[in-house]
Amino acid sequence: MTRVAIVTGGGQGIGAGIVKQLAADGLQVAVADLNEEHAKQVAEEVGNGAQGYFVDVSKKQTVFDLVKAVVADMGHLDVMVNNAGIAKIAPVTETTEEDLSQILDVNVKGAFFGIQAAAAQFKAQGTGGKIISASSIAGHEGFEMLGAYSATKFAVRGLTQAAAKELAKDHITVNAYCPGIVLTPMWDEIDQKMAKIYNVPEGETLQKNIDSIALGRGEEPADVANLVSFLADKKSDYITGQAIIVDGGINFA
């Protein structure tokens with residue numbers, strides 16, 4: 001039986017990289033994104049029965065509806081990847097209530113609702129399953145100008161640990177991946193905003209961060225996807241409650 005995975009935020013960036021890797025691993029992937037057109041484009045690119053879906057991870061019912069639709073289309077669920085996320089760049093003292101609410105809704109509630117929806121389906125199937133969520137190196141050490149983002153990624157680590165303890169009896173593992181400086185549009189946006197805040201040329205902040213990486217290069221979505229591939233595989237069956245760093249050598253916690 002072909003294994004089935006859902007990847008939220010799968011229409012671009014790290015999410016699209018994860019979709020491509022899981023499809024290459026032989027899984028049938030439901031590509032879910034706020035931009036349904038992008039999701040369908042990625043699904044068409046990877047093939048192997050992949051399909052695109054709309055999801056707004058900040059809305060609980062929408063996440064549950066996504067799982068229901070995927071199971072109706074693909075028969076069952078084996079892996080849930082709560083990848084969708086956003087960043088907000090501002091000093092802690094200048095972060096607006098609106099921005100804080102939005103990033104909490106997407107990064108924390110999105111992971112929370114994804115865990116709830118996947119766990120409910122796995123229990124209904126009686127099969128166990130794997131839940132994998134996006135944290136960050138900013139969930140191990142707070143980053144300046146990314147205070148709200150760091151807070152959400154620390155929250156995902158705590159949620160991962162708690163859910164892992166609660167769901168182990170149901171043969172459901174819950175883990176997280178913690179990327180570093182990934183060369184995606186999100187980091188382009190961070191670099192541009194940092195350039196304005198610090199009055200430096202665009203590209204300088206990104207290069208400074210890349211220079212801090214022990215392996216000497218920026219991270220590609222495929223680097224993250226390789227870890228998610230392992231966490232989605234039976235080879236990781238004895239790993240749960242972990243938030244694993246994949247950053248090329250920045251944070252050595």
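This is a predicted model: local features need pLDDT of at least 70, side-chain atom pairs count only at pLDDT 80 or more; totals for chains, interfaces and linings use all residues.
Residues are numbered from 1 along each chain as its sequence is written, and side-chain values use heavy atoms, without hydrogens and water.

Helices (DSSP runs of H or I, at least four residues) and strands (E, at least two) are numbered from the N terminus. Helix 3 (residues 60–74) packs against helix 4 (residues 97–125) at about 35°, and their axes are 9 Å apart; axes are lines fitted to C-alpha atoms over the stretch in contact, and angles run from 0 to 180 degrees between N-to-C directions. On the side of helix 3 the contact (heavy atoms within 4.5 Å) involves K60, V63, F64, V67 and V71, and on that of helix 4 it involves F113, G114, Q116, A117, A120 and Q121.

A pocket is an open set of points on a 1 Å grid over the protein atoms alone, where a 1.4 Å probe fits, with protein on both sides within 12 Å along at least five of seven lines; lining residues have an atom within 4 Å of a point. A volume is the space filled by probe spheres set on the points, which are joined across faces, edges and corners. The largest pocket has a volume of about 950 Å³. Among its 42 lining residues, A84, G85, I86, A87 and M186 are the closest to its centre. Helix 6 contributes the most to this lining, with five residues.

The second largest pocket has a volume of about 450 Å³. Its lining comprises 19 residues, with E144, M194, T205, K208 and N209 nearest the centre.
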